[in-house]
Amino acid sequence: MTSQTITAAASGTWKLGDLTVNRIGFGAMRLPQHGEAFAADAVPRDRDQAIRVLRRAVELGVNHIDTAAFYFSSLRCANELINQALAPYPDDLVITTKVGPGRAPSGQWLPHATPEQLRGQVEENLRQLGRDHLDVVNLRIVGTDSIAERFGALAELREAGLIRHLGLSNIRPHHLAEAQTIAPVVCVQNMYGIGASPEQKEFMGICGEQCIAFVPFYSIAGTGRTAGATTDHSPEVHAIARAHGVSAAQIRLAWTLHQGPHVLTIPGTGDLDHLAQNVAVGSLRLSVEERTVLDRLHHDTA
């Protein structure tokens, strides 16, 4: 098989609550624009191109799309692109969104939402996606303060039927424990990849012990973050990539998937070829020796 014919099913599955997803999903952050996400001068992506990428992702078996209302450029909004490309939605498609951060129409970041403002953000996602409920909503936070009031507000919306499942993003272990006293948590979305801190690796293990999905962001981008895939690959990563006949970015993504059956990935792209390469990683199997080399690199750079 070629990268154009391998589907996301090759990555295996995990459950977000009662929703089964393939472990390779799609992140929509980079879809509304070219270049760096959230950049004030970002060039909006061609609408037809973005729609082709989304439809091709679903054709390739992607049934987990990560998005947010604050993913937009001057002309494009990720949620509305998803709506236009994929509605009426396939029965098995799970759309995960995030609330907490907010951006003004100008693109300027706003203070994170208060408990009272979170309902408006949920309703904004519902409206843009054309849904009567949201499959999974992650509360994204900054800092170490209590999340009880904010997570409690989302739990009330879950009880009201506007949200099916709840998750958390950019958190510490004590936030997970606090949230679990309020409502079930189906996923944790944190930055993770080769070079991530030992604390994040430990947290990933805690999630696995509790059968909670761990969903890394920037697993390919690394220190590039919103700018996109890092080009700072070590000789070891390049050597393993050559041995498999794939890119260094695919090796980074494969290593992340190898961290545990509960680890999901959500690489994003606006390019059809990169999309196929990302999905094809689900069939890439690293040897014990290769994983040992990458694990050692991970510890050395963490």
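Reader: What is the radius of gyration of this chain of 302 residues?

Author: This is a predicted model, in which local features need pLDDT of at least 70, side-chain atom pairs count only at pLDDT 80 or more, and totals for chains, interfaces and linings use all residues. Residues are numbered from 1 along each chain as its sequence is written; side-chain values use heavy atoms, leaving out hydrogens and water. The radius of gyration is taken over C-alpha atoms, and the globule rule is 2.2 Å times the number of residues to the power 0.38. For 302 residues a compact globule would have a value near 19 Å, and this agrees with the chain's own 18 Å.

Reader: Thanks! What share of the residues is buried?

Author: Buried means under 20% relative accessible area, exposed over 50%, and partly exposed in between (1.4 Å probe, protein chains only). Of the 302 residues in the chain, the buried ones make up 55%.

Reader: Is Gly152 buried or exposed?

Author: Gly152 sits in helix α4, residues 148–159 (helices are DSSP runs of H or I with at least four residues, strands are runs of E with at least two, and both are numbered from the N terminus). Because its relative accessibility is 17%, Gly152 counts as buried.

Reader: Which residues does Gly152 touch, leaving aside those up to four places away in sequence?

Author: A contact here means heavy atoms within 4.5 Å. With neighbours up to four places away set aside, Gly152 touches Ile147 and Ile182.

Reader: Which strands stand at the edges of the open sheet?

Author: Seven strands form this sheet with parallel pairing, in the order β3-β4-β5-β8-β9-β10-β11. Two strands pair if DSSP finds at least two bridges between them. An edge strand has a single partner, so one side of it is left without a neighbour in the sheet, and that is the case for β3 (26–27) and β11 (213–214).

Reader: Which residue of β10 stands opposite Gly167?

Author: Strand β9 (residues 163–169) pairs with strand β10 (residues 187–189) in the parallel sense, over three bridges. Opposite Gly167, the residue in β10 is Cys187.

Reader: Which residues does the cis peptide bond join?

Author: Look in the loop between α2 (78–86) and β5 (94–99), where Pro88 has its place. The bond has an omega of about -5°, and the residues joined are Ala87 and Pro88.
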